[in-house]
Amino acid sequence: MLDSGKALGFPDGLLINGRGWNGYTFTVQPGMTYRFRITNVGLATSLNIRFQGHTMKLVEVEGSHTMQTAYSSLDVHLGQSYSVLLTADQPGFDYSIVVSTRFTTKIISTTAVLHYANSAGKAPGPLPGGPTTQIDWSLNQARSIRWNLTASGPRPNPQGSYHYGQVPTTKTIRLANSAATINGKQRYAVNSVSHVNADTPLKIADYYKIPGVFSVGTISDSPTYGGAYLRTSVMGADYRGYVEIVFENSENEVQSWHIDGYAFWVVGMNGGKWSPASRQIYNLRDGVSRYTVQVYPNAWTAIYMPLDNVGMWNVRSETWARQYLGQQFYLRVWTPSTSWRDEFPIPKNALLCGRAAGRRTRPF
């Protein structure tokens, strides 16, 4: 459908652990506290989750301990994961776990069952309502999620500092998403480049120095605002740099971005257009470290990221139709060093295909 230029269409419904309305049951013991790990693995839609009669205490976001803030409902954008603590401190009934779509004209919902072991039946009262299209509400909630500075250990940045806000950035990369029609079909682009896959995996082509597969610099590090075009898009970056990346969204739908191989600090997000003056509202103290971040409509999101992982890394939209139709590119983090300290050698069982077919991996 996507190749023919057609959209996937609106989903028929939502699932929790693969099941529809009241199709999944979580049994809890009164007085006990449980950790729920919540992940949005959908294709296209931001979600909101709430537990009837209960609050959620947020404790973790994609590998980072957070300040333990209580929420009655939580927005989970495409590809994002959260851990919450829930205490079974209510009378013994069957309560509903409600999930519904966000920022959609038509709101669809589904439920799972929070079953107390001593349940006397269905809990009285209506299902808890949640936010629907309110962007400011979601933006304020996102800003309230903070890194717990007293948990776990420090992680040094390339320059040796142990705090992300004290390290000077070496480069600013601005990324603007856009929708476009190319050759009469719907495509999506980053900085005007709509990515197409090469006939050989890019990391393999890079390792064997195979010419003609890709060129570094085929996507610029700032928006061009020109017409979109097809290209295998690769951006170059230096190992051990410390970059500021600004995602700029001038469209009317929320975006969700993921970067392979990295976690990054979310330092700021706001409506309108980003400018250097936007740095004045950055959170350089306790912004959360994660690997997937949302960008609200007609808004921007800024991150800091240490380039401490050599390789060819995919930067992509988590909206799968947009990703498939070109809203992605590869970030080549490169060093002239061939030391195993910086990058492990190619695995012996690596699949060599495309223009790398017939070549050999390391003999040991």
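Contact here means heavy atoms within 4.5 Å. This is a predicted model, in which local features need pLDDT of at least 70 and side-chain atom pairs count only at pLDDT 80 or more, while totals for chains, interfaces and linings use all residues. Residues are numbered from 1 along each chain as its sequence is written, and side-chain values use heavy atoms, with hydrogens and water left out.

Q: Which residues does L8 touch, not counting residues up to four places away in sequence?
A: L8 touches M1, L2 and A321.

Q: Why is L8 called partly exposed?
A: Buried means under 20% relative accessible area, exposed over 50%, and partly exposed in between (1.4 Å probe, protein chains only). L8 has a relative accessible area of 47%, so L8 is partly exposed.

Q: What makes R279 and E244 a salt bridge?
A: A salt bridge is a side-chain nitrogen of Lys or Arg within 4 Å of a carboxyl oxygen of Asp or Glu. The N to O distance between the side chains of R279 and E244 is 2.8 Å, so the pair meets the definition. R279 lies in the loop between β19 (264-271) and β20 (289-290) and E244 in strand β17 (residues 242-249), so the pair ties together parts that are 35 residues apart in sequence. Strands (E, at least two residues) are DSSP runs, numbered from the N terminus.

Q: Are R279 and E244 buried or partly exposed?
A: R279 is partly exposed, because its relative accessible area is 35%. E244 counts as buried, because its relative accessibility is 0%.

Q: How do you know that D260 and R316 form a salt bridge?
A: The closest N and O atoms of D260 and R316 are 3.0 Å apart, which is within 4 Å, so the pair counts. D260 lies in the loop between β18 and β19 and R316 in strand β23, so parts 56 residues apart in sequence are tied together.

Q: Why is R316 called buried?
A: R316 has 17% relative accessibility, which is under 20%, so R316 counts as buried. R316 also forms a salt bridge with E318, with the closest N and O atoms 3.4 Å apart, and E318 is buried too.

Q: Why are β14 and β21 said to stand at the edges of the sheet?
A: Two strands pair if DSSP finds at least two bridges between them. The open sheet has 6 strands in the order β14-β16-β24-β23-β18-β21, with mixed pairing. β14 (215-216) and β21 (292-295) each have a single partner strand, so one side of each is left without a neighbour in the sheet.

How values were computed: Helices (H or I, at least four residues) and strands (E, at least two) are DSSP runs, numbered from the N terminus.
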